[in-house]
Amino acid sequence: MASPDPARLSLNTATIRKQWGLAEAIEGCARHGIRGISPWRDQVAGMGLAKAVEATRAAGLTVTGLCRGGFFSAPNWRDDNLRAIEEAHELGASCLVLVVGGMPQGSKDLAGARSQVRDGIGSILPHARAAGVPLAIEPLHPMQVERACVNTLEQALDLCDALDERKSGALGVAVDAYHLWWDPKLEAQIRRAGAERILAYHICDWLVPTRDLLNDRGMMGDGVIDLPRIRSWLEREGYAGFHEVEIFSERDWWKRDPDEVLTTCKERHAHFC
Ligand code: ZN
């Protein structure tokens, strides 16, 4: 299939978080001709929200998401999510990514955690809608269930259908190839989602062997995910958004020169995505 449009590449700033703060990441994207950026809230706070807004606008970048809200089992979840919605609004982010959290400490009640997530999203949704910030539920691979008890696209879409039946655009999903590539229902669930529900697409690769459950993601092309195939499923539904590179890599990419990382992202996006 055809190579992806280079203008669809976005940098999730987790990819260079050990080397660069947000100001440098914005400047780096502009310098490398990367048109999208998705910052993390601690980096936005480090730079200052107003400065981050100004710099992303000045660089002409699309903010393809703000990472992250969610963690509905945390004691301060409501205030924190309302603040995150406000920040995403200021940044003009395409969505606020929700990593929904797992079970409260000491609990074994997974079903209870999942209903807490549903209630939590339901309670912040009116605020997100009023602020014009779509909420993107990101299912995480089941090995990270303690960070997110939503683990498949089907589960995330069930939540969307329960809380936003009319597909208002206020609630959808972030499809992260790393978390979802293994799922035999992925193609069918992308079809079910349709373009209205797909608010973000995150890419990287699954290394064999994976040496760390959280921070050993691979650069596109270095692992076993058939990224062009997943992109074809998304595009068939009309998804025309960004392809956001999100690599947590303690042993490799966080140790490299960040300009080399960005150059590699561009090359690999062109050939392996
Ligand atoms: Zn992701």
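1. Arg68 sits in strand S4, residues 66-70; helices here are DSSP runs of H or I with at least four residues, strands are runs of E with at least two, and both are numbered from the N terminus. A cis peptide bond links Cys67 to Arg68, with omega at about -10°. Bear in mind that this is a predicted model, where local features need pLDDT of at least 70, side-chain atom pairs count only at pLDDT 80 or more, and totals for chains, interfaces and linings use all residues. Residues are numbered from 1 along each chain as its sequence is written, and side-chain values use heavy atoms, with hydrogens and water left out.

2. There is another cis peptide bond to look at, joining Val208 and Pro209 with omega about -5°. Pro209 belongs to the loop between S8 and H9. As background, most peptide bonds are trans, and most residues other than glycine have a negative phi.

3. On to phi. Phe71 is not a glycine, yet its phi is positive, about 45°. You'll find Phe71 in the loop between S4 and helix H4 (77-91). Its relative accessible area is 22%, so Phe71 is partly exposed; the scheme is buried under 20% relative accessible area, exposed over 50%, partly exposed in between, with a 1.4 Å probe and protein chains only.

4. Lys167 is also worth a click: phi is near 50°, a positive value in a residue other than glycine. Lys167 is in the loop between helix H6 (153-163) and S7. With 33% relative accessibility, Lys167 counts as partly exposed. Gly238, which follows H9, has a positive phi as well, near 95°.

5. Which residues of helix H9 (residues 227-236) are buried? They are Leu227, Ile230, Arg231, Trp233 and Leu234. Looking down the axis of H9, these buried residues fall within an arc of 155°, so they line one face of the helix; the arc is that of the directions from the helix axis to the C-beta atoms. For reference, an α-helix has 3.6 residues a turn, so residues three or four places apart point the same way.

6. What covers that buried set of H9? The cover includes strands S7 (171-176), S8 (198-203) and S9 (243-245), along with helices H7 (177-180), H8 (186-197) and H10 (258-272). Contact here means heavy atoms within 4.5 Å.

7. In H6, the buried residues include Leu153, Gln155, Ala156, Leu157, Leu159 and Cys160. Helix H5 (110-131) and strand S6 (135-137) are among the elements that cover them, and so are S7, H7 and H8.

8. Is Glu87 buried or exposed? Glu87 is buried, with a relative accessible area of 15%. Leaving out residues up to four places away in sequence, Glu87 touches Arg41, Leu49 and Leu66. Val44 is 43 residues from Glu87 in sequence, and the two are 8.8 Å apart in space, C-alpha to C-alpha.

9. Two exposed sites for contrast. Pro6 is in the segment before strand S1 (9-12) and counts as exposed at 60% relative accessibility. Pro6 and Ile34 are 28 residues apart along the chain, with 8.0 Å between their C-alpha atoms. Ala58, in helix H3 (residues 49-58), is exposed with a relative accessible area of 70%. From Ala58 to Ala156 there are 98 residues in sequence and 35 Å in space, C-alpha to C-alpha.

10. Now the whole chain: ten helices and nine strands. The radius of gyration is 17 Å, which agrees with the value near 19 Å that a compact globule of 273 residues would have; the radius is taken over C-alpha atoms, and the globule rule is 2.2 Å times the number of residues to the power 0.38. Along the principal axes, the C-alpha atoms fill a box of roughly 45 × 40 × 40 Å.

11. Of the 273 residues, 52% count as buried. Taking contacts between residues at least 6 apart in sequence, 79% join residues at least 24 apart. The chain exposes about 11300 Å², with 51% of it supplied by carbon and sulfur atoms; accessible areas come from the Shrake-Rupley method with a 1.4 Å probe, and for residues only the protein chains shown count as cover.

12. Last, charge. The mean positions of the 32 positive and 38 negative charges are 1 Å apart. Lys and Arg count as positive and Asp and Glu as negative, while His and the chain ends are not counted; each charge is placed at NZ of Lys, CZ of Arg, CG of Asp or CD of Glu.
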